[in-house]
Amino acid sequence: MDKFVIQKPRTQERPKKKDSREKIYKQATLESLKRVVVVEDIKRWKSMLELSVQTKENLIVALEELRKKIPSKEVLRSTKIGHTVNKMRKHPDQDVATLAKAVYTEWRTFIKDHSNKPSIEVRSDPKTEGLRKNAQKLLAEALHMEIGHLLVENIEREAFHLSSRLINTPYRRTVRALVFALKHKPEIRAQVQNGMMSPTTFVQSHKK
């Protein structure tokens, strides 16, 4: 007897609708935790706040980033970021002043109530710091400024940040491009010096 196979038409399964009430979990990274502080980031945001020709937008960005962190007493003492944020409470721009006050109050309250809780601090090694000093020296010479000038510090810290906080090939190439532009393009050097071009914009436009 012959055998026959009867195929039935497949019924299309409707895709299941996602429950809007379903919780979506996002994995946190170590650096995203409030008590994990990268000291280089604290110093970078501090230099942004202290630069006299800084834009309001960058001041807000720096304060918002600082608000995500709770530095330990040691970091507050060594970087003096608390003093800088405290001074920003008297900034003529009300938005900047209000945000600075919020950051300062949150830090002060947390330190007072949780002074015994340790934090994790991430610092650069001496070799890295030495190489970065050399880069700052080259930038200072190209800008006709002292090596400790805040503008020089802002530019170098931005280049280091955009290179994933590493002394790698992109960092070296970016520093060389920045030095070349400052030395051989007077119009760009003037815009950087007088604040018409922010350090962030300058570095991003020459990132390698």
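**Figure 1. The structure holds 13 salt bridges.** A salt bridge is a side-chain nitrogen of Lys or Arg within 4 Å of a carboxyl oxygen of Asp or Glu. The model is predicted: local features need pLDDT of at least 70 and side-chain atom pairs count only at pLDDT 80 or more, while totals for chains, interfaces and linings use all residues. Residues are numbered from 1 along each chain as its sequence is written, and side-chain values use heavy atoms, with hydrogens and water left out. The chain has ten helices and two strands, which follow one another in the order β-α-α-α-α-α-β-α-α-α-α-α. Helices (H or I, at least four residues) and strands (E, at least two) are DSSP runs, numbered from the N terminus. Of the 208 residues of the chain, 38% are buried; buried means under 20% relative accessible area, exposed over 50%, and partly exposed in between (1.4 Å probe, protein chains only). The accessible surface of the chain is about 14400 Å², and carbon and sulfur atoms make up 52% of this area. Accessible areas come from the Shrake-Rupley method with a 1.4 Å probe, and for residues only the protein chains shown count as cover. Among contacts (heavy atoms within 4.5 Å) in the chain with a separation of 6 or more, 71% are between residues 24 or more positions apart.

**Figure 2. D41 and R165 are joined by a salt bridge.** The closest N and O atoms of the D41–R165 pair are 3.2 Å apart. This pair links distant parts of the chain, 124 residues apart: D41 belongs to helix α1 (residues 39–50) and R165 to the loop between α7 and α8. D41 is buried, at 10% relative accessibility, whereas R165 is partly exposed, with a relative accessible area of 23%. The loop that holds R165 runs between α7 (150–162) and α8 (169–184). R165 also has a positive phi of about 55 degrees, although it is not a glycine. Most residues other than glycine have a negative phi.

**Figure 3. A salt bridge joins E153 and R157.** The N to O distance of this pair is 2.9 Å. E153 and R157 are four residues apart in helix α7, so about one helical turn separates them. Both residues are buried. The pair belongs to one network, in which salt bridges that share partners join E40, E129, R132, E153, E156 and R157.

Figure 4. E74 is partly exposed, at 41% relative accessible area, and R77 is exposed, at 55% relative accessibility. In the loop between α3 and α4, K80 has a positive phi of about 60 degrees without being a glycine. K80 is exposed, with a relative accessible area of 51%.

**Figure 5. P71 is buried in a loop.** The loop connects α2 (56–67) and α3 (73–79), and the relative accessibility of P71 is 1%. Not counting residues up to four places away in sequence, P71 touches R35, V37, I42, L76, W107 and I111.

**Figure 6. R189 is buried and has no salt bridge.** R189 is part of helix α9 (residues 186–194). The nearest side chain of opposite charge is that of E187, 7.9 Å away. Lys and Arg count as positive and Asp and Glu as negative; His and the chain ends are not counted. The place of a charge is taken as NZ of Lys, CZ of Arg, CG of Asp or CD of Glu. With neighbours within four places in sequence left aside, R189 is in contact with A142, L143, H144, L182 and K183.

**Figure 7. A patch of positive charge on the surface gathers R89, K90, K101, R108 and K112.** Patches are made of residues with over 30% relative accessible area and no salt bridge: like charges are joined within 9 Å, nonpolar side chains (Val, Leu, Ile, Met, Phe, Trp, Tyr) within 5 Å. One of the patch residues, R89, sits in the loop between α4 (81–88) and α5 (94–113). R89 is partly exposed, at 35% relative accessible area.
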